[in-house]
Protein chains: 2
Amino acid sequence: MAGIRAKQKEKTRQALINAAMNQLSAENGFSSLSLREVAREAGIAPTSFYRHFRDMDELGLTLVDECGLALRQLLRQARQRIESGGSIIRVSIETFMQFVADNTATFRLLLQERSGRSRSFRLAVVREIDHFKAELEDYLVNEQSFTRELAELQSDTIAKIVFSAGADCFDVDEEEREIITEKTILQVRLVARGAEATRRLLKRES
Amino acid sequence: MAGIRAKQKEKTRQALINAAMNQLSAENGFSSLSLREVAREAGIAPTSFYRHFRDMDELGLTLVDECGLALRQLLRQARQRIESGGSIIRVSIETFMQFVADNTATFRLLLQERSGRSRSFRLAVVREIDHFKAELEDYLVNEQSFTRELAELQSDTIAKIVFSAGADCFDVDEEEREIITEKTILQVRLVARGAEATRRLLKRES
DNA sequence: TCTAATAGCGTACACCTGTACGCTGAATGT
DNA sequence: ACATTCAGCGTACAGGTGTACGCTATTAGA
């Protein structure tokens with residue numbers, strides 16, 4: 001009952017996923033990489049691909065899901081680390097940027113397919129970003145006592161800033177990446193300060 | 001000296017550009033559209049393509065340039081309209097969103113190739129966004145008396161927000177687009193308020 | 001008016017693509 | 001022990017791709 005068979009299947013499935021990620025990291029966008037080449041790099045015959053995925057698209061969606069999942073887990077870990085003191089903004093953004101550096105290929109896929117390809121791709125990406133926003137929003141409401149409305153506006157803004165900053169890291173070396181990270185921290189603080197000012201403004205009115 | 005020959009050449013060149021834009025607006029990313037199909041839609045033989053562009057890439061870069069140029073001109077016009085009174089933020093963002101709605105195909109190309117394809121593509125896109133930021137930054141320094149440093153931070157933030165919001169408009173209808181526009185206006189005001197608060201903070205320190 | 005330049009065409013070629021089909025050998029369940 | 005399942009293979013095919021090459025007809029320039 002070891003499932004020696006299922007184990008092997010899972011192994012080549014992962015080989016396909018890795019192959020796709022490698023070819024992605026090179027230069028080509030996802031849409032320009034071919035079933036045959038992916039299969040070749042994974043070390044199986046082209047036709048065997050279909051034992052694991054219906055399409056290349058199905059493989060792509062898997063990549064998007066995995067990328068989003070990994071990011072969420074990482075950020076949740078980071079948030080726990082914060083509970084023992086430290087700036088949430090700094091730790092979160094540093095974690096995020098490190099993730100982008102470690103998973104450039106899939107993160108690039110995420111951003112690229114956000115505004116292209118098939119509708120299902122776009123929806124999948126939006127879903128991942130929404131997860132990110134929702135967790136941030138809850139934090140702002142529960143820990144910082146923001147209104148739901150203002151928290152929503154704020155988290156959406158921060159998500160836009162952070163994901164864009166992630167995209168800025170693609171071509172650059174580590175030194176430059178640190179500069180971008182510091183800049184992003186300042187930008188998020190700018191937003192936080194704006195939100196704080198807005199909150200006071202609304203309180204005074206009422 | 002009418003240049004009857006050059007005129008015809010320019011005409012088919014435009015036909016190629018239009019054909020590419022059409023095929024882009026459909027569903028396919030730029031990398032997945034082919035020289036042959038573009039030539040077919042433009043009504044010329046595949047091999048005649050080379051009389052106008054070395055590559056598909058060269059055509060793509062042309063599209064990026066044209067898109068950026070059109071956007072800049074539009075925003076400059078909008079800014080002139082503002083000089084006779086009106087909210088800069090509102091007018092600029094509404095103009096921007098209208099542009100995205102009218103030029104979805106090329107704007108999508110812009111954002112897509114921002115994080116993919118060849119390096120030259122990415123650089124071209126970055127250049128266009130930098131134009132956008134530079135004009136905004138100058139405005140903040142000259143008209144709003146911000147420090148260069150704070151203006152730079154602010155314009156970069158706003159550019160990230162606005163371009164992301166543009167991407168959010170791709171799939172949606174006009175009603176939804178107006179909602180996004182209003183939201184974006186609020187977000188940019190958030191940043192402006194944060195920058196204002198930061199400026200006061202710095203002034204008090206010195 | 002005569003010559004050079006050139007936009008566009010048609011043919012041809014080598015290459016790559018997705019996938020239909022049927023087979024094989026090993027793991028599985030009985 | 002035996003029958004079933006199924007991951008992976010090889011062959012095959014039709015269709016799409018970029019582009020090299022040489023031709024034609026029209027315009028530009030002398």
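1. Twelve salt bridges are counted between chain A and chain B, a salt bridge being a side-chain nitrogen of Lys or Arg within 4 Å of a carboxyl oxygen of Asp or Glu. One of them links Asp168(B) to Lys160(A), with the closest N and O atoms 3.1 Å apart.

2. The model is predicted: local features need pLDDT of at least 70, side-chain atom pairs count only at pLDDT 80 or more, and totals for chains, interfaces and linings use all residues. Residues are numbered from 1 along each chain as its sequence is written, chains are lettered from A in the order in which they are written, and side-chain values use heavy atoms, with hydrogens and water left out.

3. Between chain A and chain B there are also 17 residue pairs in polar contact, both residues at pLDDT 80 or more. A polar contact is a pair of N or O atoms within 3.5 Å; within protein, one must be able to donate a hydrogen and the other to accept it, and residues adjacent in sequence count only if both atoms are side-chain atoms. On the side of chain A that touches chain B, two or more residues come from each of helices H5 (104–114), H6 (119–142), H7 (148–168) and H8 (174–205) of chain A; helices are DSSP runs of H or I with at least four residues, numbered from the N terminus.

4. Each chain brings 37 residues to this contact, where contact means heavy atoms within 4.5 Å. About 3300 Å² is buried between chain A and chain B, 53% of it on carbon and sulfur atoms; buried area is the accessible area (1.4 Å probe) that two parts lose on being put together, summed over both. In chain A, Ser115(A), Lys160(A) and Leu190(A) lose the most area to chain B, together 18% of what that side buries.

5. Within chain A, the domain assignment gives domain 1 (1–53) and domain 2 (56–205), such bounds coming from an automatic or database assignment. The centres of the two domains, taken over C-alpha atoms, are 29 Å apart. Contact between them involves 18 residues of domain 1 and 15 residues of domain 2.

6. The area buried between domain 1 and domain 2 of chain A is about 1300 Å², with 77% from carbon and sulfur atoms. In domain 1, Leu24(A), Phe30(A) and Phe53(A) lose the most area to domain 2, together 45% of what that side buries.
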